[in-house]
Amino acid sequence: MSCHLGIDIGSSSIKAALVDSETGKSLGVVQEPKTEMSMQALKNGWAEQDPNDWWLHICNAIQALKKQFNITSTQIDGIGISYQMHGL
């Protein structure tokens with residue numbers, strides 16, 4: 001089986017989806033962390049997050065999908081990324 005991996009970097013969490021490359025069928029979605037990520041607002045109107053937290057949760061989400069669907073990294077033949085407005 002070959003799959004595509006979709007990653008959404010949102011302000012509240014990271015969502016990762018696995019899609020069958022041949023059929024386009026969604027195999028599953030995970031969210032990391034399970035609770036909302038923290039946000040720092042040092043001044044009124046500001047909002048910041050640590051990109052290292054994004055990376056940690058992306059890695060955790062990918063590992064969860066690989067384990068849940070018993071796939072290897074070599075079976076992922078495409079990656080799509082979306083992100084929060086103005087985040088990256």
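## A buried glutamate, a sheet and a core

Glu32 counts as buried because its relative accessibility is 14%, where buried means under 20% relative accessible area, exposed over 50% and partly exposed in between, using a 1.4 Å probe and protein chains only. This is a predicted model, in which local features need pLDDT of at least 70 and side-chain atom pairs count only at pLDDT 80 or more, while totals for chains, interfaces and linings use all residues. Residues are numbered from 1 along each chain as its sequence is written, and side-chain values use heavy atoms, with hydrogens and water left out.

Glu32 belongs to strand E3; helices (H or I, at least four residues) and strands (E, at least two) are DSSP runs, numbered from the N terminus.

| Residue | In contact with |
|---|---|
| Glu32 | Ser13, Ile14, His57, Asn60 and Ala61 |
| Ile58 | Ile7, Ile9 and Ile14 |

Strand E3 is part of an open sheet of four strands, with mixed pairing and the order E3-E2-E1-E4, in which E3 and strand E4 (76-83) are the edge strands, each pairing on one side only. Two strands pair if DSSP finds at least two bridges between them, and E2 and E3 pair in the antiparallel sense over six bridges.

Ile58 is also among the residues that touch the most other members of the largest nonpolar core, which has 16 residues; such a core is a set of buried Ala, Val, Leu, Ile, Met, Phe, Trp, Tyr and Cys residues joined through side-chain atoms within 4.5 Å. Helix H1 gives the largest share of this core, five residues.

Note on methods:
Contact means heavy atoms within 4.5 Å. Lists of a residue's contacts leave out its neighbours within four places in sequence.
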